[in-house]
Amino acid sequence: MTVQSVRLFGDPVLRTPADAVVDFDKELRKLVSDLLDTMRQQNGTGLAAPQIGVGLRVFTFDVDDVVGHLVNPGLEFPDEEEQDGPEGCLSIPGVYVDTKRRQNVIAKGFNQHGDPVQIVGSGLMARCAQHETDHLDGVLFLDRLDANRRKQAMKEIRSAEWYNPDAPPVVKASPHGLFGIR
């Protein structure tokens with residue numbers, strides 16, 4: 001078991017788009033294993049490689065007893081239905097804010113061996129796939145909030161024990177809009 005440190009809000013790696021995986025090798029399998037171990041140790045629903053400082057397009061998930069990973073994911077939305085509910089992030093500990101996302105998603109990518117994988121999800125699985133794919137694009141859930149919710153979240157962050165006022169993080173507007181539409 002190799003648990004890695006989770007990077008916190010303000011770390012530049014969280015704002016850097018990740019590179020596509022090109023080698024489906026032993027190193028990738030180790031990365032997937034480390035992501036799963038770290039996610040479990042942190043009691044997370046999902047974890048993206050940039051959150052442990054690795055700039056590759058890989059994430060793991062554990063939603064409703066479905067555990068897995070996706071490499072080089074792409075998202076499709078089969079309809080326009082939305083959800084609005086609490087969302088948090090292991091890189092922004094203790095902060096949960098209602099966030100609008102699409103209700104249903106089809107996530108396509110590959111497993112650690114390079115075989116095609118498709119995840120069809122709704123509710124929490126859809127939220128997780130969108131959240132983790134955002135991480136791979138350098139986007140945080142805070143970027144998807146409207147101005148009032150973003151202000152609330154930043155207030156909570158500034159009062160968090162882990163917050164460092166000498167290195168304040170930057171919040172930006174999502175290039176994908178407020179509702180996770182790609």
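R144 is buried at 2% relative accessibility, where buried means under 20% relative accessible area, exposed means over 50% and partly exposed lies in between, as computed with a 1.4 Å probe on protein chains only. The model is a predicted one, in which local features need pLDDT of at least 70 and side-chain atom pairs count only at pLDDT 80 or more, whereas totals for chains, interfaces and linings use all residues. Residues are numbered from 1 along each chain as its sequence is written, and side-chain values use heavy atoms, with hydrogens and water left out.

R144 forms a salt bridge with D134, with 2.5 Å between the closest N and O atoms; a salt bridge is here a side-chain nitrogen of Lys or Arg within 4 Å of a carboxyl oxygen of Asp or Glu. The two partners lie 10 residues apart, R144 in the loop between α2 and α3 and D134 in helix α2, where helices (H or I, at least four residues) and strands (E, at least two) are DSSP runs numbered from the N terminus. D134 has a relative accessibility of 1% and therefore counts as buried. Both residues also belong to a network of salt bridges that links E87, R101, R127, D134 and R144.

In the whole structure, 11 salt bridges are found. One of them joins the side chains of D143 and R15, at 2.5 Å from N to O, and this pair links distant parts of the chain, with D143 in the loop between α2 and α3 and R15 in the segment before α1 (26-41), 128 residues apart. The side chains of D143 and R15 are also in polar contact at 2.5 Å, a polar contact being a pair of N or O atoms within 3.5 Å, of which, within protein, one must be able to donate a hydrogen and the other to accept it, while residues adjacent in sequence count only if both atoms are side-chain atoms. With a relative accessible area of 0%, D143 is buried; the loop that holds D143 runs between α2 (124-136) and α3 (147-158).

A further salt bridge, at 2.9 Å from N to O, brings together the side chains of R57 and D137. R57 is placed in the loop between β1 (46-48) and β2 (58-63), and D137 in the loop between α2 and α3, so that 80 residues separate the two partners. Both R57 and D137 are buried.

According to UniProt, in an unreviewed entry, the feature "binding site" is placed at C89, H131 and H135; such positions are given in the numbering used here, feature names are shortened, and annotations may be inferred rather than shown by experiment. These residues are spread over 47 residues of sequence yet cluster in space, the largest C-alpha distance being 10.1 Å. Of these residues, C89 and H131 are included in the lining of the largest pocket. On a 1 Å grid over the protein atoms alone, a pocket is an open set of points with protein on both sides within 12 Å along at least five of seven lines, and its lining residues have an atom within 4 Å of a point.

H131 lies in helix α2 and is buried, with a relative accessible area of 7%. Neighbours within four places in sequence left aside, H131 is in contact with E87, G88, C89, R101 and F141, contact meaning heavy atoms within 4.5 Å. The side chains of H131 and E87 are joined by a polar contact of 2.6 Å. H135 likewise lies in helix α2 and is buried, its relative accessible area being 2%. Residues up to four places away in sequence not counted, H135 touches L14, A48, P50, Q51, C89 and L140.

A disulfide is a covalent bond between the sulfur atoms of two cysteines. No disulfides are found in a search of the whole structure, the criterion being a pair of cysteine sulfur atoms within 2.5 Å. The sulfur of C128 is 11 Å from the closest cysteine sulfur, in C89, which is too far for a bond. C89 is buried at 9% relative accessibility, and C128 is buried with a relative accessible area of 6%.

Two residues have positive phi values without being glycine. D64, with phi near 50 degrees, lies in the loop between β2 and β3 (66-76) and is exposed, with a relative accessible area of 64%. N72, with a positive phi of about 55 degrees, lies in strand β3 and counts as buried at 18% relative accessibility.

Note on methods
On a 1 Å grid over the protein atoms alone, a cavity is a set of points where a 1.4 Å probe fits but cannot get out, and a pocket is an open set with protein on both sides within 12 Å along at least five of seven lines; lining residues have an atom within 4 Å of a point.
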